[in-house]
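I opened a new structure today and wanted to get my bearings. These are my notes, in the order I looked things up.

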Amino acid sequence: MGNQTNHYKNKRYKREHFIEKHLHGDGNVIDSFIVDKGHKNGLERHDITDNGIIIVYNLENQKLVTKLIARPQQIKRYYQDVDRKPPRWLVDLAFWHNTLNYNNV
């Protein structure tokens, strides 16, 4: 599983296993967004996949920070911030995952 932060290695193994087992992996990246969370380690790249996963990398060192099972509002915010509309099917998928409580894994 490549280059990842200690946070991901030590705290996110249950979510990684859940994504592999229940969502059949990360899926394919359909969009990427540069995000400034004000983190001391700098900017992040958030990749959105066709499985409704948000994969977060540190922009400078390219280390995997975390993976999130997206909620509909998260998806909408990424696209609103760049004045675009999100794919409806992606918002619907995120809504379904949220209904199943997947984002709390």
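My entries below go through the sheet, the helices and the pocket.

**Entry 1: the model.** I noted at the start that this is a predicted model.

**Entry 2: the sheet.** I looked up the strand order and found an open sheet of four strands, running β1-β2-β3-β4 with antiparallel pairing. Which strands sit at the edges? I got β1 and β4, each of which pairs on one side only.

Entry 3: Next I asked myself which strands helix α2 touches. Helix α2 (residues 13-22) packs on the sheet and touches β3 and β4. I wrote down an angle of about 55 degrees between the direction of α2 and that of β4.

**Entry 4: two helices together.** I then turned to α3 (residues 72-81) and α4 (residues 88-99), whose axes come within 8 Å and cross at roughly 150 degrees. Angles over 145 degrees count as roughly antiparallel, so that is how I describe α3 and α4 relative to each other. On the α3 side I listed Pro72, Ile75, Lys76 and Tyr79, and on the α4 side Leu90, Val91, Ala94, Phe95 and Asn98. Sorted by class, this contact has seven nonpolar residues, one polar and one charged.

Entry 5: I looked for open space last, and the largest pocket has a volume of about 360 Å³. It is lined by 18 residues, and the closest to its centre are Val35, Lys37, Glu44, His46 and Tyr78. Where does the largest share of the lining come from? My answer is α3, with four residues. I also noted that β1 (29-35), β2 (44-49), β4 (64-69) and α3 each supply at least two lining residues. By class I have eight nonpolar, five polar and five charged residues in the lining.

Notes: Residues numbered from 1 in each chain as written. Predicted model: local features only at pLDDT ≥ 70, side-chain atom pairs only at ≥ 80, totals over all residues. Heavy atoms only, no water. Axes fitted to C-alpha atoms, helices over the stretch in contact; angles between N-to-C directions. Parallel < 35°, antiparallel > 145°, perpendicular 65-115°, else oblique. Contact = heavy atoms within 4.5 Å. Nonpolar A, V, L, I, M, F, W, Y, C, P; charged D, E, K, R; others polar. 1 Å grid on protein atoms, 1.4 Å probe; cavity = no way out; pocket = protein on both sides within 12 Å on 5 of 7 lines; lining within 4 Å. Points joined across faces, edges and corners; volume = space filled by probe spheres on them. Pairing = 2+ DSSP bridges.
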